[in-house]
Amino acid sequence: MIEQLIAGYQRFKQGYFQENQALLQRLADEGQNPRVAIIACCDSRVDPSLMLDCSPGDLFIVRNVANLVPPCEASGAWHGTSAALQFAVCGLNVEHIVVLGHTQCGGIKSMFDDQEHDEMEFIRPWMLLAGRAKQTVLANPSIESVEDRVHQCGLESIKTSLGNLLTFPWISEKIRENKLQIHGWHYDIATAQLLSFDSVQGAFHAVDQKT
Ligand SMILES: [Zn+2]
């Protein structure tokens, strides 16, 4: 597998890197200036740059298990996602933050399986961030199958993350000043359908569909 990666790197170096020399040289000389930050999942099937057809320099991407945004907390020391958000918002002045969820998320799925990941001491507490989303789903009697629960919980946890974004004072302030917008998106890895959360209607709609 590592040989495949190195062969891929060589193709990249001879191909993409040469063909996009002007862009890549400008990024190297002038630094990055992405306008969009994305919180995506670690899942290998969801590659934001690929699915949004973006180039290097376009997206500032934070990836974590289940694309969760923690609330703003003073306690604790290892706030990787919060640190990345702060740099995106206060350092790079991005104009948009997108929380990008997806179908079949293993992190979300683990919350509905009492056995799975029991021994994974870092995943359980991390997934507590989606605990409220899980409770919302379980309280809805019309959502019966595990697949539907996982799917709905993925959608609900995006809403939780959007709410948690607002707990960071430097995010809520920039939103008030119309310098920043936040978005909740959900990607279907089987069909490539992309949904966007409409906070006015409280529902997700396909981004390429007139509502
Ligand atoms: Zn995931």
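The model is predicted, so local features need pLDDT of at least 70 and side-chain atom pairs count only at pLDDT 80 or more, while totals for chains, interfaces and linings use all residues. Residue numbers start from 1 along each chain, as its sequence is written.

Start with the sheet, which is open and has 6 strands in the order β2-β1-β3-β4-β5-β6, with mixed pairing. Strands (E, at least two residues) and helices (H or I, at least four) are DSSP runs, numbered from the N terminus; two strands pair if DSSP finds at least two bridges between them. At the edges you will find β2 (59–64) and β6 (203–206), each pairing on one side only. From one strand to the next, the twist averages 30°.

Now look at β5 (residues 194–198), which runs antiparallel to β6 and is joined to β6 by 4 bridges. Here Leu195 stands opposite Ala206 of β6.

Next comes helix α5 (residues 80–91), which lies across β1 (36–41) and β2 and runs at about 170° to β2. Such angles go from 0 to 180 degrees between N-to-C directions, with axes being lines fitted to C-alpha atoms, for helices over the stretch in contact.

Helix α5 also packs with helix α10 (residues 169–176) at an angle of about 35°, their axes 10 Å apart. Who meets whom? In α5, Gln86, Val89 and Cys90 meet Trp170, Ile171 and Lys174 of α10, where contact means that C-beta atoms, placed from the backbone, lie within 7 Å.

Methods
Two residues are in contact if their C-beta atoms, placed from the backbone, lie within 7 Å.
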